[in-house]
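Reader: I'd like to go through this model with you and ask what stands behind each label. Could you show it first?

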Amino acid sequence: MCSSQGNHTLNESFGIHLPASGSSQAGLEEPVDLGVLRRLTDAHCHPSDDREYSGPSFLKSLGLGKVCAMSTGLDNQHLVEEMHNADPQRVIPFFGIHPWFVHTLSLSDTLPSKEDHYSQLFPTYDSLPSALPLLPPVTLLSDYLSSLSDALDSNPAAKVGEVGLDKSFHIPLSDKTLPRLNTPINHQVTALERIAEIAVRKQRNMSVHSVRSSGETVAWLDRMKKGNFAEEWSKVNICLHSFGGSPESISKVQKDHHNVYFSFAEIVSGRSPKYHDLIRAVADDRILVESDGPERYLDKWIWKSFLGIRDAKGWTTEQCIDQLERNWENFCLTPEPPAPKLSKKERRANKSDSRGGVE
């Protein structure tokens with residue numbers, strides 16, 4: 001999290017209220033099966049984003065097999081590192097800056113004043129003089145990228161996340177009388193592209209946030225596929241976490257991008273009436289499961305997500321866990337490039353060869 005948030009958690013800082021500790025999760029269709037949990041990898045979660053975070057000791061009572069622990073900025077990256085160091089076999093660390101915090105990053109070559117930075121970022125926001133004292137300090141994007149690069153170099157197991165795009169988010173201001181303030185999507189895209197370049201150069205997989213920005217996210221994927229890092233990009237896997245697009249956009253993305261996976265959290269995507277349609281749109285070998293939860297709800301929320309995927313796909317419990325295990329293993333591998341498209345003549349020749357040359 002950015003420094004201006006102090007000891008606030010990601011959820012509390014932005015008005016996301018978790019159930020009281022110890023309360024039960026409504027709608028658990030079946031009792032949690034610890035045997036299944038031990039075989040699952042939570043592809044996207046935030047164990048430390050909770051006032052009740054107890055430190056790495058929580059791992060001793062966690063039912064889940066493995067967790068992909070996300071950082072949301074430099075302020076909580078050390079907590080993710082501590083988790084990984086406490087149990088490197090179970091905790092996969094992800095280092096990144098959440099799109100909710102990229103307004104703190106300046107694209108300038110030299111560090112601007114706080115007033116200059118936010119004046120350039122929000123040129124039409126008339127209430128800036130009143131909002132300025134409430135906004136966090138500024139960091140150069142280049143300085144953040146340097147810190148991220150160093151962190152990845154020091155931890156070969158680390159991947160990149162949480163990063164991404166979000167057009168629905170409003171920057172929190174303690175003065176509720178002020179008009180809403182949104183980070184321009186072009187600024188978010190620039191930050192994402194620069195971070196992705198580091199991930200590509202270092203061949204680290206990414207966990208990407210995309211809320212009400214599916215068009216911009218798809219355009220970013222297309223640019224990366226065709227850009228200067230195209231060959232390196234094809235060797236990095238991308239997980240679009242709780243993707244907010246349509247079933248049609250999911251179908252198009254996985255057709256055009258062999259290295260993109262999708263993960264779903266019931267607590268997030270389950271609010272959509274198209275939740276099961278989204279899951280069914282994902283190819284069986286491209287789906288991952290996530291909780292998107294803090295420490296105290298990882299087991300319960302991942303179980304609900306598992307049931308949602310199982311039921312939408314029409315799988316048995318064993319089929320679902322087997323498929324999710326294979327998908328996670330493949331996500332960790334270098335993706336296989338798609339087979340080249342053959343012309344009609346080449347397809348006829350191959351068909352003839354398979355028949356021993358008899359037409």
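**Labels and cut-offs**

Author: Phe 264 is buried, with a relative accessible area of 0%. Buried means under 20% relative accessible area, exposed over 50% and partly exposed in between, with a 1.4 Å probe and protein chains only. This is a predicted model, where local features need pLDDT of at least 70 and side-chain atom pairs count only at pLDDT 80 or more, while totals for chains, interfaces and linings use all residues. Residues are numbered from 1 along each chain as its sequence is written, and side-chain values use heavy atoms, with hydrogens and water left out.

Reader: What makes Phe 264 and Tyr 275 an edge-to-face pair?

Author: Rings of Phe, Tyr and Trp (its six-membered ring) pair if their centres lie within 6.5 Å; planes under 30 degrees apart are stacked, over 60 edge-to-face, the rest tilted. By that rule there are 10 aromatic pairs. For Phe 264 and Tyr 275 the values are 6.5 Å centre to centre and 70 degrees between the planes, hence edge-to-face. The pair links distant parts of the chain, with Phe 264 in strand 9 (residues 260–264) and Tyr 275 in helix 12 (residues 275–281). Helices (H or I, at least four residues) and strands (E, at least two) are DSSP runs, numbered from the N terminus. Tyr 275 is buried too, at 5%.

Reader: And why is the pair of Trp 303 and Phe 306 called stacked?

Author: Their planes are 20 degrees apart and their centres 5.5 Å apart, so by the ring rule they count as stacked. Trp 303 and Phe 306 sit 3 residues apart in helix 13 (residues 298–313), so about one helical turn separates them. Both are buried.

Reader: How do you know that Gln 323 is buried?

Author: Its relative accessibility is 12%, so Gln 323 counts as buried under the 20% limit. Gln 323 belongs to helix 14 (residues 317–331). Leaving aside neighbours within four places in sequence, Gln 323 is in contact (heavy atoms within 4.5 Å) with Asp 284, Asp 285 and Trp 315.

Reader: What makes you say the buried residues of helix 14 line one face?

Author: Those residues are Cys 320, Ile 321, Gln 323, Leu 324, Asn 327, Trp 328 and Phe 331. Down the axis of helix 14 they fall within an arc of 165 degrees, so they line one face. The arc is that of the directions from the helix axis to the C-beta atoms. Trp 328 and Phe 331 also form one aromatic cluster with Tyr 261.

Reader: Which residues does helix 10 bury, and how do you know they share a side?

Author: In helix 10 (residues 247–256) the buried residues are Pro 247, Ser 249, Ile 250, Val 253 and Gln 254. They cover an arc of only 160 degrees, which puts them on the same side of helix 10. The face turned away from that side carries the exposed residues Glu 248 and Lys 255.

Reader: What is meant by the largest nonpolar core?

Author: A nonpolar core is a set of buried Ala, Val, Leu, Ile, Met, Phe, Trp, Tyr and Cys residues joined through side-chain atoms within 4.5 Å. The largest has 88 residues, and those touching the most other members include Met 206, Trp 220 and Phe 264. Helix 7 (residues 185–201) gives the largest share, 9 residues. Apart from this core lies another of 10 residues, among them Ala 43 and Trp 328.
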